[in-house]
Amino acid sequence: YDGDGGNRVMTYATAAVFRHIILSHHISITTFPLLLCSFAVALLGRPLETKEFFSIRTVRNHIVRLNIIDDYNISKEFRKVFTETKPPYGFLRFWYTATDDAKQKKITHHVTLRSGDYGPRSEEGDDFDPDFNIRPFFDSIGVGPSVTKDNNGNARRNFDDICDVCGTDYEVQSRYNGNASDNAAIGEGVKTCELNMAYLKTQWDAKADELYGEIRD
């Protein structure tokens, strides 16, 4: 905790540790403060004092803030791949999504994953491999309870996740090259791509003939 006007407030460093514990061990946020108080008795020999205790809302809000900060930093690095890093041989670098639904505790959750590569490895780096000279990534950009059961709702959610996490730059959006899913959700992938193409047409139509800032004939 850091002092702020005489009050004790949770630091982001503490919140980051709490988030790691909660996610690593699948602990409910509503349970975590009480669990921590129990561990205080076991480790310190006393319960937490009132001024040391924190509410469930405090834990949740700090974790949400950390997630927003992480999303921003990740999207910033992701944009660099397409706005600053040019492929050495002139080929376009694309990225993709994979989506699916899964039930957890009788609640259907929708997951959106992102895959692609960050560009060639540095020859001076410890991880350089001439036989596998790319840096692939595969991460989650959206997960949560499904809002609707149809392809239209899931496609809208996919596109919103893409904009929120990957950014809305032309170089990023125009390199989105498709979605992978099971047969039941093929329509969802098609509609996701259609939403992305419609966005490009309305927002970036003037750039449709450009490649890395250069006009193509």
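Arg-114 counts as buried in this predicted model, because its relative accessibility is 1%, and burial requires a value under 20%. The side chain of Arg-114 meets that of Asp-139 in a salt bridge, with an N to O distance of 2.7 Å. Arg-114 belongs to strand 4 (residues 107-117) and Asp-139 to strand 5 (residues 136-145), so this pair ties together parts that are 25 residues apart in sequence. Asp-139, for its part, is partly exposed, at 22% relative accessible area.

By the 4 Å criterion between a side-chain nitrogen of Lys or Arg and a carboxyl oxygen of Asp or Glu, the count of salt bridges comes to three. Another of them joins the side chains of Asp-70 and Arg-19, at 2.8 Å from N to O. Asp-70 is a residue of helix 3 and Arg-19 of helix 1, so the contact links parts that are 51 residues apart in sequence. Here too the arginine is buried, since Arg-19 has a relative accessibility of 16%, whereas Asp-70 is partly exposed at 30%.

A further salt bridge is formed by Arg-156 and Asp-160, whose closest N and O atoms are 3.7 Å apart. These two residues lie four residues apart in helix 4 (residues 151-166), so about one helical turn separates them. Arg-156 is partly exposed, with a relative accessible area of 40%, and Asp-160 is also partly exposed, with 35%.

Helix 3, which carries Asp-70, covers residues 56-83. At 1.5 Å a residue, its 28 residues should span 40 Å, and the distance of 40 Å between its end C-alpha atoms agrees with that expectation. The buried residues in helix 3 include Val-59, His-62, Ile-63 and Leu-66, together with Ser-75, Phe-78, Val-81 and Phe-82.

Attention now turns to the surface. Leu-35, Phe-39, Leu-43 and Leu-44 make a nonpolar surface patch of about 420 Å². Within this group, Leu-43 is found in helix 2 and is classed as exposed because its relative accessible area is 68%, where the threshold is over 50%.

The loop between helix 1 (12-24) and helix 2 (32-44) contains His-26. The phi angle of His-26 is near 55°, a positive value in a residue other than glycine. Most residues other than glycine have a negative phi. His-26 is also exposed, with a relative accessible area of 73%.

Terms used. Residues are numbered from 1 along each chain as its sequence is written. This is a predicted model: local features need pLDDT of at least 70, side-chain atom pairs count only at pLDDT 80 or more; totals for chains, interfaces and linings use all residues. Side-chain values use heavy atoms; hydrogens and water are left out. Buried means under 20% relative accessible area, exposed over 50%, partly exposed in between (1.4 Å probe, protein chains only). The expected span of a helix is 1.5 Å times one less than its number of residues. Patches are made of residues with over 30% relative accessible area and no salt bridge: like charges are joined within 9 Å, nonpolar side chains (Val, Leu, Ile, Met, Phe, Trp, Tyr) within 5 Å. Accessible areas come from the Shrake-Rupley method with a 1.4 Å probe; for residues, only the protein chains shown count as cover.
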